[in-house]
Amino acid sequence: MYLEMKKICLLLAFTAFSLAAVSAAKKQAARPLDIDRTPRLIEIATDNTELILKVNSDGEVLFGYYGRPVSDPSPLTEKKNYKRADLGTEPQAYSVQGGREVREAALAVTHSDGDLNTQLRYVSHKTERKDGATVTTVQLADLKHPFDVRLVYEAYPAEDVIVAHTEITNRESDPVILRNYYSVNLTAFADRYFLNYFYGEWAKEMTMAEIELTHGIKKVSSLKHVRAVHCENPSFILSLDAPLAEKSGDVIAGALAWTGNFDLSFEVDDLDILAVRAGINPYSAEYPLASGETFSTPNAILTFSSEGAGRASRNLHDWARNRNGVYKPEVVCPTLLNSWEGAYFKFDAAVLKKMIDDAADMGLEMFVLDDGWFGNEFPRNSSKAGLGDWQVNEKKLPAGIDDIASYAVSKGLKFGIWIEPEMVNPQSVLAREHPEWVVGNNGREQTTMRQQWLLDLTNPEVQDFVFGVFDNTMKLSPHISYIKWDANRHVENVGSSYLDGRSQSAFWVKYTEGLYKVYERIRKAYPDVMIQACASGGGRVEYGALKYHDEAWTSDNTDALSRIFIQYGMSHIYPAVAMGSHVSAVPNHQTAAVTPLKFRFDVAMSGRLGMELQPKDLSDGEKEFSRRAIADYKRLRPTIMYGDLYRLRSPYDAKGYASSMYVSKDKKRAVLFAYCFKYQGGYRACRLKLDGLDASKRYRLKEINVQNKPIFWGEGKAFGGDYLMNEGIEIPLKKLFSSAVFEIEEVK
Ligand code: DGJ
């Protein structure tokens, strides 16, 4: 009986297989594209790294290799992953739901006939030179449907960075639904995987954690959308085989450029192979792609380093600065005074002008008027009212913004101003006039967060409005050089009255596309205005936003001790040129910590230096100290902004020290920062082996921000580069919140 059944089953299976084969052959024959099944390798190379894809004899495009360059990769064509061969598909270059793939797919599509499967095959590939990058495009097509995928890899040789994205084209006669549409899919083969990622919350951004990946899926992701990256950041550093080290080890680092929900997915499968997918978060985000349309995913920025985290960070920083990952990094960042923590909503023209006088007196270069300058029927005197009504508050500033901006300019300062154009308070004229612009689902009550609602940027009218807010603000004075663009809530009760019922799940993508359209328009109209990306602090520290912004507001936490950790985390992925870093008052408004002014300056000077306090509350001595620090910073600024970062001591290593240095590209100058935030006992000193210098050059160390007398016995002396890097120096930092900054210069 059993044998009979087995025979019948086999027969049925065979018949089904034959029918399927015939029908597949028919459908394949009907395809306009011929699928090329010649085995080949596709090499995507930078100066020191190589990503290799391989096409097998089934025309599948598989992941081959990512690492140091190999002189003869041809054995990869033969190489089979025996571990996986039995289970079916080897790791695909871009994994799709369909065929024999059993892992989470980078691409999952419901085709127009309801088919849930896609099986991509190689069609062609080409490599071209474009703006200093080598661009490799791999064209793939589905076996059954007229449905195409293009994998695009831009290789930046000197930076050792590969920027990858995917283009998905629906050539079927009806819409398809994209369910997963990640930017990139990578594979790693190692025995152990150590994932370093960044998380936190308001005022605690970019906290670092390292975990060893175990079987299953670990996700680093966000569903908050606006200020999506406040908690988890769309970036990672993956260390292969051993925990992350600063100067050694194979490391893959990546960042997604997307101002919205994101997902980084790390899947260790049953055979210990790691798949990494980075892209738009597919949660509740099915995207209908009309016939004839192409969907382009955001960029994923990738680098490989065989010299640990330090090199990976420097690669990403170089890419960001050289390839406009950050907007116009060449523009010198002015030191500034921001009014927020010094005045909050309580100011008038006299208060602001006094702050400007003090800023000028201390040598700062810009004054930024933060929240609170607008709204008349609903004056913006707290976060409760006024958002959306971008008219100057006549009570506070009867002579308008130009009065303040011209005053700043007359004192030799630039002028900047705050806006939050994506948001509206229920208590505003805008909310009364345009309730249909508020994000919220079809008559459900929208929740407020910081007493505000979000405007629906999927709607072109709202896009015009948001552009108008920027444009009209700029027109308030010819002296506005800088805009701080804030965004202080995330998305809840998602829904758009502009999108039709069936497209609601496209909100997440369409909102960000709407935002980018506005950014594009602004950058066309105002190419030279500096813009800061702020979203309750670091809610937009990511390369999608930074492309349009000169800098980001790193965190609302301005406490120097917290900033050591936050900035250390941020430095792994984002360069100092993007990192707003301000000296504020004590006790700190967020943490209540009391730290010395020197410590606060020493920390803030490692990024884009500003102050955010009421200067009239500083003593004369503190003002004098600030004056000197600001003047010194201006001299050191090019090295800090454009130099190579070397992290010497991690604040996470429990010793209570942190230290890093920036070294100019020509290795003639450097700036060294060292902090102590734990009492070390009476005699201990902070031992630092410098890095990144030229071993054959001689360097002089000069302390900056000296308080009584220089702290280091070697002040003013010359040392060999090799001595500084091998023997190193000991700086007597032992007290809580003691710190030192050194200017290092080559001596002939
Ligand atoms: C949040 C920002 O992060 C702060 O710097 C400040 O601009 C406030 N918003 C103003 O409301």
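These legends describe close-up views of a predicted model. Residues are numbered from 1 along each chain as its sequence is written, and side-chain values use heavy atoms, with hydrogens and water left out. In this predicted model, local features need pLDDT of at least 70 and side-chain atom pairs count only at pLDDT 80 or more, while totals for chains, interfaces and linings use all residues.

**View 1. F367 and F415 form a tilted aromatic pair.** Rings of Phe, Tyr and Trp (its six-membered ring) pair if their centres lie within 6.5 Å; planes under 30 degrees apart count as stacked, over 60 as edge-to-face and the rest as tilted. By this rule the count comes to 40 aromatic pairs. F367 belongs to strand β21 (residues 366-369) and F415 to strand β22 (residues 414-419), so the pair ties together parts 48 residues apart in sequence. Strands (E, at least two residues) are DSSP runs, numbered from the N terminus. F367 is buried, at 0% relative accessible area. F415 is buried too, also at 0%. Buried means under 20% relative accessible area (1.4 Å probe, protein chains only).

**View 2. F507 and W508 pair edge-to-face.** Their centres lie 5.7 Å apart, with 85° between the planes. Both F507 and W508 are buried.

**View 3. Seven names make up one aromatic cluster: W258, F470, W485, Y516, Y519, Y526 and Y548.**

**View 4. Arginine charges sit over aromatic rings at F467 and W553.** The charged end of R521 is 4.2 Å from the ring centre of F467. For R563 over W553, the distance is 4.8 Å. A charge sits over a ring if NZ of Lys or CZ of Arg is within 6 Å of the ring centre and within 35 degrees of the ring normal.

**View 5. Side chains of R450, K484 and D556 reach ligand oxygen atoms.** A polar side-chain atom of R450 lies 2.9 Å from a ligand oxygen. For K484 the distance is 2.7 Å. For D556 it is 2.4 Å. Taken alone, the ligand exposes 290 Å², and the protein buries 98% of that. Accessible areas come from the Shrake-Rupley method with a 1.4 Å probe.

Definitions and conventions. Helix = DSSP H or I, 4+ residues; strand = E, 2+ residues; numbered from the N terminus. Buried < 20%, exposed > 50% of the residue type's maximum accessible area, 1.4 Å probe, protein only. Polar contact = N/O pair within 3.5 Å; in protein donor to acceptor, adjacent residues only side chain to side chain.
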